[in-house]
Structure formats: structure tokens, C-alpha cells
Amino acid sequence: MDRLTKAHQRLQEADDLSAIIAAAHEGFVAALTALRAQEDPDSAWFGEFVMAAASAADGRDALLFAPSMPAIPGPGMTVTDEKAAAGTGGSVAGDIAALCGLAAVRLALAAGQAADPGDQATCGRAARCAQRICELLAGAGA
Amino acid sequence: MSSRAVFGDFTGAARRQLGSQATLRTAAVRGGHVPEIRHSLLRLLLVMSRYVQDITLQPVRPPCLGHPPPAGWDRAGLEAGEALRRALVGLYGDTVSRRRPGVQAGSELARRLDGAALSLTYGRDLLHTHLARGPRGGVRYRSEWGKVVTSPRVHQALLAELGFLARQLAPLGEDLARSPRARGGPAARQAVTGACHWLQIMDTSIRRALREDPLPARVVEVLRVVPVNSPPPRLPADPTRAAGSLPGAVIDAAERARHAAWISAAQPPWPPGMTVSSLRQVAAANTFTSRHCELLLRSLATPASGLTGEAGTAVPAAAEAAGQARVRWLGIAHALDQITTSSQEQFTPTAAAAGDLALQTGRLAHADPGWSPGNKPAHGRGPMGSLAHEPDETARLLAAAHQACDAMNRLASADRRHVQALARAGRLLAAADPGPDTLDMLGPLAPAPPDRTGALLTLYEFTARASADAATAISEAASAAGMPHRIALPEMTSQAGDWGDPAAEPEAAGHLAEAQAAYEPGRVEQTLRGLGITDTNLIRRGAQIDRATEQLITQAAASEKPSQADPPATSTRTLQNPAGRDQERGSADPPPWLPLATTSPIQAEGAEAEP
């Protein structure tokens with residue numbers, strides 16, 4: 001299982017605010033790592049990947065400052081020996097778009113339900129970053 | 001190519017409104033109310049004198065013990081100012097002939113003078129949009145063009161332009177004096193004639209400076225293309241827009257990006273919205289932009305573009321340079337993955353402008369007005385360069401790529417300053433103990449250590465240089481292809497040689513050829529100057545004597561029957577080829593009996609255009 005798939009699964013299974021934030025953070029890191037690994041100037045996805053990577057880093061950073069972000073990484077979050085992503089540019093773009101689509105929804109809901117204004121703001125900001133990545137990679141698999 | 005007004009629009013309009021010398025002389029012969037003409041001339045000379053005041057704001061030291069007298073352009077500026085001052089003194093004082101604002105002049109000549117005065121006023125206003133007065137009275141730049149419009153070389157080009165107008169106007173006094181249809185008292189006629197004598201001196205002085213220290217064509221072009229200090233508006237996306245408009249859209253986007261970079265530099269320590277998100281957006285967008293430029297240039301390097309010889313190797317080299325810029329920008333994007341700031345997401349105007357530049361260059365590279373990131377190029381018609389079959393199209397594409405790379409250079413420099421300011425303020429954060437190969441940024445965040453900041457600043461410096469190198473390479477490719485192109489923004493240097501550019505706009509070369517028409521002072525004036533006499537009154541009298549001599553000779557020659565070899569004389573010849581103008585041409589110029597339309601593009605332009 002590659003990192004993108006694992007992050008997608010964790011995000012689906014997250015059941016409270018802290019878990020959603022931690023899983024979304026891991027999702028952004030996985031997306032960023034996969035995007036950087038796939039940067040090929042001759043690929044039709046090159047520009048989109050570079051732009052999406054900027055948004056992935058922004059999303060990650062937003063969650064770093066969320067009050068409910070766990071101080072200590074949870075199990076499985078620091079694994080670095082697995083592949084970032086498997087497949088070609090188009091299929092990786094599709095995987096990232098799916099992951100970020102899920103993150104956008106879960107983070108937007110979390111922003112609406114969070115009690116702490118800090119969590120509301122950071123989750124909202126991260127949701128917009130995820131949405132931007134989805135828009136950039138929207139053509140994947142089409 | 002850009003939609004913005006440029007200074008040349010107004011000087012061109014002033015020239016057209018005055019018309020060619022022949023047109024102007026015809027208007028003078030038609031006569032009119034001389035006090036009214038006097039007032040119109042006063043208005044025009046007032047504007048001209050304000051220009052001269054602007055460019056001689058730094059007073060030239062008057063000759064005194066231990067200091068050599070001003071020479072060359074400095075002297076020309078002083079003499080032009082003095083000549084205009086004296087001309088104005090003679091023209092002032094006629095309150096009766098003043099018209100209310102909005103009331104059109106009665107005579108054609110006065111209308112032409114009024115039109116030229118208005119155009120020059122607008123032109124001066126345009127130049128002043130780049131400048132402001134500081135609290136201590138010094139000049140403050142309001143845009144990147146501020147440095148250009150205050151440079152000595154551009155001042156000289158402006159003086160040359162004023163000299164051209166002075167030359168156009170100088171014969172008016174005598175023409176009006178001879179016109180039987182001119183109405184008005186002797187005082188008004190005398191005032192106009194006197195002013196025209198001073199204009200003659202002004203022209204003489206400026207052309208002497210031109211001869212001693214010629215202006216490269218590029219300087220004239222630079223003055224002509226100074227734009228109004230207002231970035232072109234961003235037009236909404238329109239997929240139905242013609243592909244031919246795409247290079248112009250890139251140039252406008254590049255202008256906006258440069259403007260945003262300039263404004264951000266003028267702001268205090270760090271702009272409030274400056275965050276790592278803005279830095280990332282600029283880096284990512286410019287990676288995209290340089291990729292687009294590279295694609296565009298590579299598509300131009302195909303045999304279909306018809307670029308051969310030196311250009312055939314210069315265009316691929318330019319593509320390579322754009323590729324290097326892309327590598328550099330991507331390097332910054334990677335470095336920013338491991339840096340953050342305590343606030344994010346807000347985008348500065350530079351970030352928005354960089355994003356727009358990426359969008360516009362993408363549309364151009366893919367020849368698709370509806371292209372956007374995420375909208376794959378299957379919708380396009382293929383690389384734009386492969387569609388360029390005419391030299392004009394290729395020139396426009398090169399100009400667009402050149403401007404985009406130049407804008408990226410400015411953005412890199414602007415963001416370098418931002419990084420520096422953020423680091424100084426301790427707002428640039430990094431993970432205190434980052435694990436290997438991880439981008440999670442988990443763990444305590446601390447201000448980025450100096451070595452990290454230093455490395456990032458060095459990356460920006462290299463990237464600015466790579467972007468500038470790409471712009472230069474594209475400019476060289478355009479020169480190699482013999483394509484006229486406009487520089488995005490000239491770098492001001494003190495070395496005159498740096499301004500030379502064989503591929504400067506042909507229009508500028510035409511203007512210059514006209515302005516630099518070899519001037520030989522008459523014998524009396526030459527003798528006076530040779531004696532070291534600088535008294536403008538004496539020089540003026542010398543020039544008058546020379547002019548009278550020339551007139552006598554020309555009239556005598558005109559009364560003789562032309563030989564068989566000469567073209568037949570026409571009644572317009574006298575008007576088109578007035579006394580005194582022939583001697584001002586170089587020895588290689590056509591003989592005086594040739595119609596003027598064959599000699600000067602500027603005069604031809606003026607003759608055709610009627611206001």
C-alpha cells in the first residue's frame with residue numbers, strides 16, 4: 001500500500017476533530033511528497049503538479065497551527081520507507097485529487113463543527129487548499 | 001503591443017498636429033489673427049519650457065573660475081532653456097487675444113499650435129506619473145520607469161525631440177510676416193518673429209549637441225515607449241478571443257507583475273500579506289511561466305518557423321535559458337516546502353500577478369485563449385510557435401516571452417527582499433529538527449537558522465539572474481533574427497555604448513536620423529563659436545546673418561532655369577524645400593530639388609496626417 005492510499009484510508013476512518021486534522025495533515029504531506037516525486041518537465045502534468053504542491057504545503061502548514069493538532073504524531077504518521085505513490089502522472093494525479101476531495105469535505109465539515117475559533121480558521125483554510133488541489137488535478141482520469 | 005498609452009503617442013500626436021514643415025508653412029501663409037497665433041505659440045512654448053525645466057532640474061554649474069563651462073548636452077539644455085525663456089518674454093503681455101478655455105482658435109495655424117501644446121502637456125503628465133516630490137523636495141520614483149525618465153540619456157532624447165519641434169516652428173515668424181492674409185498690429189508680428197528667432201537658436205544648439213555626442217537609436221525608442229504609470233487592466237477570460245491577441249495579453253500581464261513587484265518593494269519592512277503562501281505561489285507560478293516560455297521558444301525553433309542561420313541557433317539557446325530559469329524556480333519551490341510562516345494563505349498582489357502571468361503564458365504557449373491550469377492542452381491548437389509563419393507573429397511571440405522572463409526577474413528580486421525581511425523579523429520558521437526525507441514539518445518550529453535563510457536568499461539571487469539571462473537570450477534571438485523588438489525596461493547605465501541596439505524599432509531609427517541630420521553652422525556663426533563666444537545674442541545675430549545669406553543664394557538659384565538633368569520644378573517646391581534647410585543636410589543627402597517626401601519619414605508622416 002503506498003502512502004497516498006494509506007493517508008486516504010486514515011482520513012476515511014478518522015472519527016474526531018483531532019484525528020481528522022492529523023489525518024488531513026498526513027494526507028497533505030503524502031500528496032506533497034507524491035507530487036514532488038512525479039515532477040517531470042516533459043509531462044503534461046508538470047505545471048499542475050508544481051502548483052498543486054504549493055497548495056499541499058499551504059494546507060499542511062495551516063493544520064500545523066491548529067489548536068487540536070496532536071502534539072505527538074500518531075501511529076503510522078512518520079513512516080517514510082514506503083513509496084510515495086504508484087503509477088503514472090495521470091493516475092497519481094487522480095489518486096491525489098481523490099484524497100484531496102475527501103480532505104476538502106472532511107475539513108470543511110470539521111471547520112463548521114469545531115468549537116475553537118483557531119480550529120475553525122485552520123480547518124477552513126486547509127479545506128480551501130485541498131479544494132484548490134482538486135481543481136488543478138480535476139482532469140485526471142477524465 | 002501593450003494597450004497602455006506611451007509617451008511616443010503624444011509626441012507623435014504633437015508632430016502630426018503641427019504637420020510637416022510644408023503644411024505648417026502653408027498654414028502660416030493662410031494667415032489669421034496674429035495676436036491669436038502669438039497666444040497659441042506662447043502656450044506651446046510654455047509647455048516646451050516646462051519640459052526643459054524638468055530636465056535641467058539639476059542645475060548645471062555656471063562657468064566660473066576653476067570650472068570649465070558646460071559643454072555638449074549640458075550646454076544645449078542651458079541654451080534651450082534660455083532661448084525659450086527669451087522667446088516667452090517676447091510673447092507675453094497680450095491679454096486681449098486670450099481665449100476662453102474650450103473656444104477653438106480661428107486660424108488653422110493657431111489650431112495646430114494649440115493641438116500640439118495640448119498633446120505635449122499630456123505627454124509631460126505621462127512622464128510625471130512616474131515621479132513624485134519627496135518631503136525634502138527631491139525626486140521620488142513612483143514606478144520602475146522613474147529611473148529611466150530621469151536618466152541623462154533619456155533627457156537628451158527629450159531635448160532632441162524638443163529641438164525637432166523648435167526647428168519645425170522656427171520659420172513661422174518670417175512666413176507669417178510675409179503673409180498678406182495675416183491680420184494684427186506690428187507688435188504681435190514682431191513678438192512672433194522674435195520668438196521664432198530664439199527657436200532657431202534652440203534648434204541650432206541642440207543639433208550641435210547631437211553632432212558632438214550622437215544619441216543611439218535605442219535611447220529615442222526608450223523615450224518613445226515610456227508607458228503611463230498605470231498597469232493595464234486585467235481582462236476577463238474569453239475563450240473566443242483571437243489567438244493573435246494572446247501575445248499582447250502576456251505583455252500586459254508582465255507589466256502588471258512588474259508593477260506589483262515595484263509597489264511591493266516600496267512598502268515597509270514586509271507587506272502585511274506577505275506569507276510563505278505568497279512566496280510559494282510566486283515560485284510555482286513562475287516555474288509554470290518559464291516552462292511555457294521554454295515550450296514557446298522550442299516550438300519557434302522548428303524549421304517551420306523559417307528561422308535560419310544565427311537565429312536558428314539563438315532561439316534554441318533562448319529556450320535553453322528559459323529551461324534554466326524553470327529549474328531555478330522549481331528549486332525555490334522545493335526549498336519553500338520546508339519553510340513556513342506563522343500566518344498563511346493570504347496572497348500578495350505579486351502572487352496574484354505571477355499567477356496571472358502563468359495563466360496568460362499558458363494560453364499563448366498552447367494557442368488556446370480558454371486554457372487554464374487543469375484544463376489540459378487537448379483543447380488547444382498546438383504550440384503557438386508552430387503556428388507562427390510570418391515574421392511579425394514570430395516577433396510578437398519573442399516579445400511576449402522576453403517580457404515574461406523580465407517580469408520573473410523582477411518578481412525574484414522582490415521576493416528575495418521579502419524573504420530577507422521575514423527572516424529579520426523572525427517570521428520565517430523551520431522545523432527545529434527535521435527528519436531525513438520528510439516534509440511533515442512536525443516537531444517544534446523555530447526561526448529559520450541563518451544558513452537556511454542564506455541558502456534561500458542565494459537561490460533567489462540565482463533565480464533572478466537565470467530569469468534575466470533568459471530575457472537577454474530572447475532579446476539576442478530577436479536581434480539575430482533581425483526582428484525589431486522593444487525592451488521590457490532598459491537598465492540604466494552610464495555607458496552610452498550600452499544603449500546601442502541594431503534591432504531597435506525602425507521608427508526610432510527614423511526619428512533619430514531626422515533629429516541627427518548633420519548640422520553645419522554657417523560661416524559667421526562658426527567663426528563666432530570658434531572664437532569661444534557663448535553669448536547667445538551674438539550667436540543669434542551670427543545665425544541670422546548666415547540665414548539671410550542662405551536665403552539670398554537659394555532665391556538666386558531658384559530664379560535660374562533648371563538644367564535638362566534636373567527634374568521639373570513645381571510650385572510646391574519652394575514650400576517643401578525652404579531656404580536654409582538644404583544646407584542642414586549631410587553631403588550624402590539628395591540634392592535640394594528632389595521632393596522632400598523621399599528624404600524623411602517624419603516629414604512624410606506629418607504631411608499626410610491632417611488634424
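Okay, let's start inside chain B: B:Leu24, B:Ala27 and B:Ala28 in H2(B) meet B:Glu108, B:Leu109 and B:Arg112 in H5(B). By contact I mean C-beta atoms, placed from the backbone, within 7 Å.

Quick housekeeping. This is a predicted model, where local features need pLDDT of at least 70 and side-chain atom pairs count only at pLDDT 80 or more, while totals for chains, interfaces and linings use all residues. Residues are numbered from 1 along each chain as its sequence is written, with chains lettered from A and ligands numbered from 1 in the order in which they are written.

Back to that pair. How do H2(B) and H5(B) lie to each other? The axes of H2(B), residues 21-29, and H5(B), residues 108-128, come within 7 Å and cross at roughly 135 degrees, so the two helices are oblique to each other.

Now the chain A side. The contact between the chains takes 27 residues from chain A and 28 residues from chain B. On chain A, the elements giving two or more residues are H2 (17-37), H3 (46-64) and H5 (117-136). H3(A) has the largest share, 13 residues. By type, chain A's side divides into 16 nonpolar, 4 polar and 7 charged.

Last stop, H17(B): residues 450-480 reach 44 Å from first C-alpha to last, close to the 45 Å expected at 1.5 Å a residue. Just after H17(B), B:Gly482 takes a positive phi of about 70 degrees.

Technical notes:
Axes are lines fitted to C-alpha atoms, for helices over the stretch in contact, and angles run from 0 to 180 degrees between N-to-C directions. Helices (H or I, at least four residues) and strands (E, at least two) are DSSP runs, numbered from the N terminus. Angles under 35 degrees count as roughly parallel, over 145 as roughly antiparallel, 65 to 115 as roughly perpendicular and the rest as oblique. Two residues are in contact if their C-beta atoms, placed from the backbone, lie within 7 Å. Ala, Val, Leu, Ile, Met, Phe, Trp, Tyr, Cys and Pro count as nonpolar, Asp, Glu, Lys and Arg as charged, and the others, Gly among them, as polar. The expected span of a helix is 1.5 Å times one less than its number of residues.
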